[in-house]
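Please walk through the model below one element at a time, keeping the sequence and the coordinates side by side.

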Amino acid sequence: MDRLETDIVIAGGGVAGLACAAAFGSAGFNVICVDPAPPVTDKALEGADHRTTAFFQGSRRFLDEAGIWSRLEAHAAALQVMRIVDAGGEIAEPRVVKDFDAADISDLPFGWNLPNWLLRREMVARLAELPNVDFRAGTGFAHMVTRTGEALVTLSDGTAVRAKLVIGADGRNSAVRQAVGIDAKTTRYGQKAVVFAVTHPHPHNNVSTEVHRSGGPFTLVPLPNHDGKPCSAVVWMEHGPETLRLAALDAETFSAEATERSAGVYGPLALVGQRQVWPIISQVADRLTAERTALVAEAAHVVPPIGAQGLNMSVGDMSYLLDLAKARPEGLGDAKMLADYERRRHPEIVLRVRGVDALNRASIAGGQVLRDARAKGLETLYGFEPLRKTLMQLGLGAR
């Protein structure tokens with residue numbers, strides 16, 4: 001069998017892998033992107049990902065350069081304000097409400113929120129426009145052998161590929177990471193998240209709201225109106241058994257419990273569409289590179305869905321890797337490029353994962369004393385303006 005030749009093999013056809021393929025393809029590199037599961041691009045079909053992703057300003061620039069943002073803009077809901085609500089008193093009602101307004105640091109919103117199934121649809125369409133990108137849905141990464149000057153990759157259908165660089169964007173159980181012998185440290189919280197969408201009588205006014213009580217945050221993220229009503233995506237984090245109980249409730253009972261947990265910030269919530277349950281972990285790969293190999297996105301790091309850090313960290317990985325490739329295309333995948341990537345990204349990833357871990361542990365707090373301490377901490381943080389603005393910049397990805 002003849003061996004294919006390409007610049008880059010990307011393992012992973014999720015949102016991160018598709019964005020990575022579009023970005024490198026738009027920059028002129030030849031790319032083969034593979035995933036064993038064809039992407040579900042219709043929200044009505046079984047297997048559709050009903051989560052949403054908020055892209056911060058830097059991520060939007062990355063998507064724009066990849067030729068994707070023009071396809072997404074009309075579907076995006078802006079995130080102008082990040083609101084933190086502490087409802088950890090004796091009664092489930094707001095007792096501390098603090099708004100972090102993007103206008104304090106920028107002329108643009110913090111970010112823009114989009115459904116994951118739609119992201120897949122538009123990203124796949126973008127790849128179809130790029131003659132130098134070969135997206136092989138239904139074909140996976142099987143194994144590889146690396147040498148100083150190349151990687152020899154075998155795909156699940158037996159196809160052999162010679163590449164200068166292999167990018168593992170294939171999730172928290174990354175086959176690429178395992179193939180090159182990189183371990184990962186995993187932290188389990190005993191939490192799961194139930195993910196769904198709701199309509200509500202009060203407009204969200206482009207405010208993303210995290211309501212903290214116990215078990216984890218209840219986060220409402222703006223979406224475009226649904227049937228003429230204000231709509232938000234919700235991530236409700238709780239202890240695992242409680243999340244499974246919630247997911248099994250009938251729609252009316254579930255909506256009532258969701259309204260109570262939201263502390264009524266948008267009025268009565270009405271469930272729209274399906275519910276999905278996702279496990280909550282933190283994970284960091286011991287390193288990001290091996291010979292001719294780089295890890296990005298959840299192959300490199302996983303964080304709980306707090307502060308929209310997950311995919312924006314992933315874009316940070318891909319953006320820096322792309323900058324290195326464009327600066328020295330003749331050195332694509334070589335030891336210098338990968339050493340630079342490791343040195344720049346891994347320490348920052350470790351710090352951000354630790355930061356999100358701390359926020360999640362504070363949000364889990366169930367005892368009244370701990371919940372009171374969390375509320376006091378929020379008051380103190382918000383009251384010190386320089387620190388508040390610095391944290392807002394860090395949340396956007398500034399260093």
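At 22% relative accessibility, Thr 154 counts as partly exposed, a class that lies between buried (under 20% relative accessible area) and exposed (over 50%), as found with a 1.4 Å probe and protein chains only. This residue, Thr 154, is found in strand β10, residues 151-155, where strands are DSSP runs of E with at least two residues, helices are DSSP runs of H or I with at least four residues, and both are numbered from the N terminus. Leaving aside its neighbours within four places in sequence, Thr 154 is in contact with Phe 141, Ala 142, His 143 and Thr 159, contact meaning heavy atoms within 4.5 Å. Thr 154 and Lys 185 are 31 residues apart in sequence, and their C-alpha atoms are 27 Å apart in space.

Two remarks on the source apply throughout. The model is predicted, so that local features need pLDDT of at least 70 and side-chain atom pairs count only at pLDDT 80 or more, whereas totals for chains, interfaces and linings use all residues. Residues are numbered from 1 along each chain as its sequence is written, and side-chain values use heavy atoms, with hydrogens and water left out.

At 1.5 Å a residue, the 18 residues of α8 should span 26 Å, and the end C-alpha atoms are 26 Å apart, which agrees; the expected span is 1.5 Å times one less than the number of residues. The helix α8 is mostly covered, since 13 of its 18 residues are buried.

An α-helix has 3.6 residues a turn, so residues three or four places apart point the same way.

The axes of α8 and helix α9 (residues 335-364) come within 10 Å and cross at roughly 165 degrees, the axes being lines fitted to C-alpha atoms, for helices over the stretch in contact, and the angles running from 0 to 180 degrees between N-to-C directions. The two helices α8 and α9 are therefore roughly antiparallel to each other, on a scale where angles under 35 degrees count as roughly parallel, over 145 as roughly antiparallel, 65 to 115 as roughly perpendicular and the rest as oblique. The contact is made by residues that include Gly 316, Asp 317 and Tyr 320 of α8 and Tyr 341, Arg 345 and Ile 349 of α9. By class, the residues of this contact divide into 9 nonpolar, 1 polar and 5 charged, where Ala, Val, Leu, Ile, Met, Phe, Trp, Tyr, Cys and Pro count as nonpolar, Asp, Glu, Lys and Arg as charged, and the others, Gly among them, as polar.

Among the residues that make the contact are Leu 18, Ala 22 and Ser 26 of α1 and Leu 119, Met 123 and Leu 127 of α4, and the contact divides into 9 nonpolar, 2 polar and 2 charged residues.

The last stop is the loop between β12 (184-199) and β13 (207-212), where Asn 205 is found. Asn 205 has a positive phi of about 50 degrees although it is not a glycine, and at 56% relative accessibility Asn 205 counts as exposed. Asn 206, found in the loop between β12 and β13, has a positive phi of about 60 degrees although it is not a glycine, and at 30% relative accessibility Asn 206 counts as partly exposed.
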